[in-house]
Structures are given as C-alpha cells and as structure tokens.
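Here are my notes on the model you asked about.

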Amino acid sequence: MKISILGRSTDRGRRGRTSVAVALGAVLALTATACGDDGSGSGDGAEGSGTGKIVFWDNNGGVRTDIWKEIIADFEKKNPDIDVEYVGIASTEYQSKVDTAIQGGGLPDVGGISASMLAGFAAQGALEPLDERLEGSSLNGKLNKDMIESLRAAGGGDDQLYSVPTSANNGVLYYRTDMFEKAGLEEPTTWDRFFDAAEKLTDKGSNRFGYTIRGGAGSIAQALDAMYGQSGITSFWDSTGKRTTVNDPRNVKALERYAALFKKVTPAADLNNDFTKMVAQWDSGEIGMLNHNLGSYQDHVKALGTEKFRGIPQPVGPGGKRVQVSNPVDGIGLFKSSKNKDAAWKFIEFAASAQSNSKFNESAGQVPAHADAAKDAWIAKAEPTKLAAQALSDGSTTIVQLPYYLPDWNTVSKADNEPNFQKVLLGDMSAKSFLDGLAEQLNEAQAEWDEQMG
C-alpha cells in the first residue's frame, strides 16, 4: 500500500458542466499518481486482469486517512495480488481535483463520490455505471435502499447508479453539557432556546462564546440548515418546481437572525472557518454549541470525553416541527477510464462489505449503508448516531432535499456564494440581497436542467 496526501490548492471549478480552470502544477501532481497510460480523463478504460495496482482517491483525506489505511490493509491481506495506492484529498478541494483530472488526464481507478458532487462528474462522462456489477455482487440486496435511490437520483436523469453508498450523515447540534449545567440552561431542543443559550453563554472578556459559526468553506449548507429549520419551509422548490424557496421572506428573516450571531456570540475567527477549523476550535475552547454532522463525533469524544457534551438532532421550529436540509449520501465510484476495473470493483465491493462498512462508520460516527453493519452494537453506544437514525425514521423530521442533481449545484453553493455569505456576516450585504442572488442562480440552473431533460 502506497500513501500520499495532496495538500490544499487554489484551483476552483468554474461555472458550467465541463469547463474547469486547469492549474498545470495540479495536473502534474495528480497525473503522477493516477491510473491509465493514455492520459485520458474519461475514456472507456478496460476490465484488466483483476490483479496489479489500482489508485484510490479519498474525498475526505486527512480526516479519514487512518481508517482507510486500515481497510486497505485488510483488503490487500485478502487480495495479495492487488496493490492499492491511497491518495487523500481534502474534502474542500476534491471536486476541483477530479474536474481538473477529467479535463487534463490522470483520474484514479476508484474515488469517493458523494451525492453532492455526483451529477457534475456523471455529466462529464467520467463515471462507470454500476448497476450490473452490483446485481452480480455479494452486496446485492444488502445496501440501504434509500441511500441507493438518493445516489441514483443525484446522478442525473439517466436513472443509473454511479456510486455505491457507504454512509449517510445528518446534521447535529453539539452542545457542552458542562457549560449548560453551570449556567442553568435547558437543552437547546428549540431554536428559541438555541439563540437564548448562545447569548447567555457568551463572555468575551473570558474568551467564552455561545456558538461557533461556519463562515468559510461549506458555510452555505449550514446556513441553509439554520434557515429552513427556523422557517419550517419543507421544500426547496415552490409548487411549480421551477423557483426555489431560499429567498422566501421567512427564510430571509431566519438568515438575518442567524447571521447576527457572528462576533456577537461567536469568535471573530469564525469568518474563515471550514469544518476542520470549526471543529478543532470547539474541541479545544470554551464554546457552548456547534452545528456540524455525525462525522465529527469521534473528534469530540477524543477531545472532551463523553461526559462534557451531547450531540442531538437539530432544534425544532414552528409548531414543534423539525426541518433539516439533506446531507449528501457518501459512496465510492469507479472511474470509466480505469484500466483495471475488475480489481477496482473488488476493492469497492470489499470496502462496502458489512465488516469494512461497520469499521468505517464506527470511526466516522455515521450511519452505515450495509444492512448488517447497521445492526452492530457500536451504534447504540454512539448517542448522536443513534438519535439521528431515530429522528430520520420516527416521523419527527422533515428533510428538505437539496438539488444535488444539478451539475451547477456545487459551484453555485460554494465558489459563487461563500464569499457573499461572508459579506452578510460582516454586514456588507443584506440577507435579502444574498438570498435573492442565490435564488436567481438556482432558478437559472433548474431551468437549464429542465430544458436538458425535456
């Protein structure tokens, strides 16, 4: 097993399905560890001998490197004639790295492919359809049907499966039980309690804050979660299916209240926080609450133990309803240009098996895709995972499905609007102007999609 980690890059995908800003240095770095000899990014590849070397790109490198190294070692022990080269790529850089490789050559054999990025890669013809392979696999009938359908829908309009699900995530409100108890505060199970606690736990003079807000990479999804959770709006599109509800007046009001937390009850450094900085800051400081997902649970346990915090489903809003935006299902895909698809599929099948899937999700704190793994005892001991699973299955939660199927979704929700959200936090742009601009882009993207599919 060979290990390499790619660091941060300033490459960003430009708006559009296939146009990508290509940095020569990044192309060379990726090509050096990639599969294929012809330099093609999305050619048809070959089945290969089922032995030899394959390359795996992890879409959450660093955070999940150790567990993937363990799974790869297990796989290579069982398949000594296959060598897996691991390349870990930060989640914030993964899409641009893959887009660059699609255009310039150098895709791996296998890569992490979540619902949030699937449509763009599929639209460029970079992914191998997996339905037939799955039907003939030991995984057939063993994977969560909802997760499969989520990935199938995210792939576009051809109803093909391009990624084998590994896990589902869910938004969680983590809070410091020790700080709440000391302040005599109730558990933040409603949005009103959340805002009240954020204010009462803040003591800037003592460098203590009620909340940490995500202002950097990945900020839009978290802001949407806070908006829809407060407003109680249960659909991303209006009744026509052509216009988004993001700039509904109720969502505008919700974003105004949420953004007003910045610097009032949060550290000023939050402006540039991606999830790794935000999580590290919460784990090492005196901050009352953190919105993230199940993926950071183990980090909190390592930093705080299990006695100083809880992870609960997001607060309920109007009428006692809990509304959350969808978290993308994660999975593993096979790139069409692979010259060793047989060996690559063996690795995917092994990684999604009950034993590996349980091991991965126990480390990640997420909900397993494999039905047998979902029954393992560790889930009952991981309270946030258990509560999240219950909230998703007991009828208490409505999920607003984000349009991951739009090829432009990632560009619109990240590169195009994260800087504008920072302006909202700083008071340089109104919440209404920000959401109106976001809505205009989304409505245009939906219209283009309807035209393409019609």
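The points below go from the whole chain to single residues.

1. First, how to read it. This is a predicted model, in which local features need pLDDT of at least 70 and side-chain atom pairs count only at pLDDT 80 or more, while totals for chains, interfaces and linings use all residues. Residues are numbered from 1 along each chain as its sequence is written, and side-chain values use heavy atoms, with hydrogens and water left out.

2. Confidence. The mean pLDDT of the protein is 89, with 91% of its residues at 70 or more; pLDDT is the predictor's confidence in each residue, from 0 to 100. Please take care with residues 3–40, over which pLDDT stays under 50. The model still has 94 contacts for this stretch beyond four places in sequence, a contact being heavy atoms within 4.5 Å. Where pLDDT is low, the predicted coordinates should not be read in detail.

3. Overall form. The protein has 19 helices and 13 strands, counted as DSSP runs from the N terminus (helices: H or I, at least four residues; strands: E, at least two). Its radius of gyration is 22 Å, which agrees with the value near 22 Å for a compact globule of 454 residues. That radius is taken over C-alpha atoms, and the globule rule is 2.2 Å times the number of residues to the power 0.38. Along the principal axes, the C-alpha atoms fill a box of roughly 65 × 50 × 40 Å.

4. Packing and surface. Of the 454 residues, 56% are buried (buried is under 20% relative accessible area, exposed over 50%, partly exposed in between; 1.4 Å probe, protein chains only). Among contacts between residues at least 6 apart in sequence, 78% join residues at least 24 apart.

5. Helix α13 (residues 341–351) is largely enclosed by the rest of the structure, because 8 of its 11 residues are buried. Among them are Trp-345, Phe-347, Ile-348 and Phe-350, and also Lys-341. Helix α3 (residues 94–104) is likewise largely enclosed, since 9 of its 11 residues are buried. The buried residues of α3 include Tyr-94, Val-98 and Ile-102, as well as Lys-97 and Asp-99. Just after α3 comes Gly-105, with a positive phi of about 100°.

6. Asn-207 sits in the loop between α8 (191–200) and β7 (209–212), and is exposed at a relative accessible area of 54%. Lys-263 also is not a glycine and has a positive phi, of about 70°. Lys-263 belongs to the loop between α10 (249–259) and α11 (275–284), where it is partly exposed at 46%.

7. Ser-49. You will find Ser-49 in the loop between α1 (24–31) and β2 (52–58), exposed at 57% relative accessibility. Leaving aside neighbours within four places in sequence, Ser-49 is in contact with Asn-340 and Asp-342. From Ser-49 to Asp-203 it is 154 residues in sequence and 63 Å in space, C-alpha to C-alpha.
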